Amino acid sequence: MTTRDTDWDGVRLHVVTGKGGTGKTTVAAALALALATGGRKVLLIEVEGRQGIAQVFDCPPLPYEERRVAVAPATGTRPGGEVYALAADPEQALLEYLAMFYNLRHAGTALTKLGVVDFATTIAPGLRDVLLTGKAAEATRRRRKGKHVYDAVVLDAPPTGRIGRFLNVTSEVSGLARVGPTRSHADTVQKVISSPETAVHFVTVLEEMPVQETLDGIAELRALDGIRPGAVIVNMARPLALPAAQLAAAAEGTLDTSQLILGLKAAGLDDNPRLAEQLATELSDQARTALGQEELFQRLAETGQPCYELPWISDGMDLAGLYRLAAALRAQRAA
């Protein structure tokens, strides 16, 4: 529907992962908005049962049903698109699976009442992951009148530490079924996940632990057969707007406080050397943090994956903030 070039032309399933606390769900929502801009239709799926999407879009809790949650911005030539959302549930996905492959919808409902479905997905976590990734794969492949129902699907996936196992469907199901509908279903899901139409994006912040988990996650996916690492999205970035020489001087504690005093006077404040010294100390701390973050960003860039930065939204995240993040992603050709 669009001729706009992006870094991810041809990708239709965008899997978003990240360490807890990095804003993974918020970034997934912003990516869905960015992808829907200009008249496109995008499905955003969550799989962790936290109702994070409902919280981000400030809407009632999502059922196991695809519902429109937002209208994306228009462009100069196209109207705004639509973002639909789904809270995927392994129990409901299993009922769908039983109805689809075994015509056992009513029997599945009875099994749910007996707690058998929950028991099955507990003792066989691989089955749970197959069902959840299967829902995303089905939505990605779904067609109506010869056209894809959704132009893109965004999957708000489990955290980085579990992403390889979550996506490695064939391996996870091998102990459950080697032949039959379950294995066939898993193979179909794996074909989608391992295809060029799928990319796994990593959300991080510029702190040591999240960055290291991101690097480990990228390495893990590269070791798996066919699962493609996507972008690194640095969330909540707060760059320090200083020239390189001043940044280095501030970090070393050699910044000229007389210049700060002059700046305070220009701002209408009294001559206050003590305040200037306090500001210099605070600036020195921030400068050292900024230089450390530059080193972390360089480590991420050395992976060779596209890296995007999203700004810190200081006044709290709301719909306006989501649209700002979506615009930032589009400006960097992420969507």
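This is a predicted model: local features need pLDDT of at least 70, side-chain atom pairs count only at pLDDT 80 or more; totals for chains, interfaces and linings use all residues.
Figure 1. Leucine 13 stands opposite valine 153 in strand 7. Strand 1 and strand 7 run parallel and are joined by four bridges. On strand 8 (residues 198-204), the pairing with strand 1 is again in the parallel sense, over six bridges. Histidine 14 stands opposite alanine 199 in strand 8. In a regular strand, side chains alternate between the two faces of the sheet. Here Leu13, Val15 and Thr17 point one way from strand 1, while His14, Val16 and Gly18 point the other way. Six of the six residues of strand 1 (residues 13-18) are buried, so the strand is largely enclosed by the rest of the structure.

**Figure 2. The nonpolar cores.** Nonpolar side chains tend to be buried together in soluble globular proteins. The largest nonpolar core in this model has 42 residues. Leu33, Leu44, Phe57, Val83 and Val154 have the most contacts inside this core. Helix 1 (residues 24-36) gives the most to the core, with 10 residues. A second, separate core holds 38 residues, including Val153, Ala157, Val169 and Ile193. What does valine 154 contact, leaving aside its neighbours within four places in sequence? Its contacts are His14, Val16, Ala28, Leu31, Ala32, Leu35, Val42, Leu43, Leu44 and Ile45.

**Figure 3. The aromatic pair of tyrosine 84 and tyrosine 150.** A search of the whole structure finds one aromatic pair. The ring centres of tyrosine 84 and tyrosine 150 are 6.2 Å apart and the ring planes are at 65°, so the pair is edge-to-face; the cut-off for that label is an angle over 60 degrees. The pair links distant parts of the chain, as the two residues are 66 residues apart. Tyrosine 84 is in strand 4 (residues 82-87), and tyrosine 150 is in the loop between strand 6 (147-148) and strand 7 (152-156). Tyrosine 84 counts as buried because its relative accessibility is 17%, which is under the 20% cut-off. Tyrosine 150 also counts as buried, at 2% relative accessibility.

**Figure 4. Charged side chains over aromatic rings.** Lysine 41 lies over the face of tyrosine 150, at 5.2 Å from the ring centre. Arginine 238 has its charged end over the ring of tryptophan 312, 4.4 Å from the centre of that ring.

Figure 5. Threonine 204 is in strand 8. Is this residue buried or exposed? Threonine 204 counts as buried, because its relative accessibility is 0%. Leaving aside neighbours within four places in sequence, threonine 204 is in contact with Thr22, Pro210, Val211, Thr214, Val232, Ile233, Val234, Asn235 and Leu300.

**Figure 6. Aspartate 256 in the loop between helix 11 and helix 12.** The loop that holds aspartate 256 lies between helix 11 (244-252) and helix 12 (257-266). With a relative accessible area of 41%, aspartate 256 is partly exposed. Its side chain makes a polar contact with the side chain of serine 258 (2.5 Å). Glutamine 246 is 10 residues from aspartate 256 in sequence, and the C-alpha to C-alpha distance between the two is 9.5 Å.

**Figure 7. Two loop residues with positive phi.** Most residues other than glycine have a negative phi. Glutamine 51 has a positive phi, near 55°. Glutamine 51 is placed in the loop between strand 2 (41-46) and helix 2 (52-57). The relative accessibility of glutamine 51 is 22%, so the residue counts as partly exposed. Lysine 145 is not a glycine either, and its phi is positive at about 55°. Lysine 145 is found in the loop between strand 5 (143-144) and strand 6. Its relative accessible area is 83%, so lysine 145 is exposed.

**Figure 8. The chain as a whole.** The chain has 14 helices and 10 strands. Of its 335 residues, 46% count as buried. Among the contacts in the chain with a separation of 6 or more, 72% are between residues 24 or more positions apart.

Technical notes. Residues are numbered from 1 along each chain as its sequence is written. Side-chain values use heavy atoms; hydrogens and water are left out. Rings of Phe, Tyr and Trp (its six-membered ring) pair if their centres lie within 6.5 Å; planes under 30 degrees apart count as stacked, over 60 as edge-to-face and the rest as tilted. Buried means under 20% relative accessible area, exposed over 50%, partly exposed in between (1.4 Å probe, protein chains only). A charge sits over a ring if NZ of Lys or CZ of Arg is within 6 Å of the ring centre and within 35 degrees of the ring normal. A nonpolar core is a set of buried Ala, Val, Leu, Ile, Met, Phe, Trp, Tyr and Cys residues joined through side-chain atoms within 4.5 Å. Contact means heavy atoms within 4.5 Å. A polar contact is a pair of N or O atoms within 3.5 Å; within protein, one must be able to donate a hydrogen and the other to accept it, and residues adjacent in sequence count only if both atoms are side-chain atoms. Two strands pair if DSSP finds at least two bridges between them.
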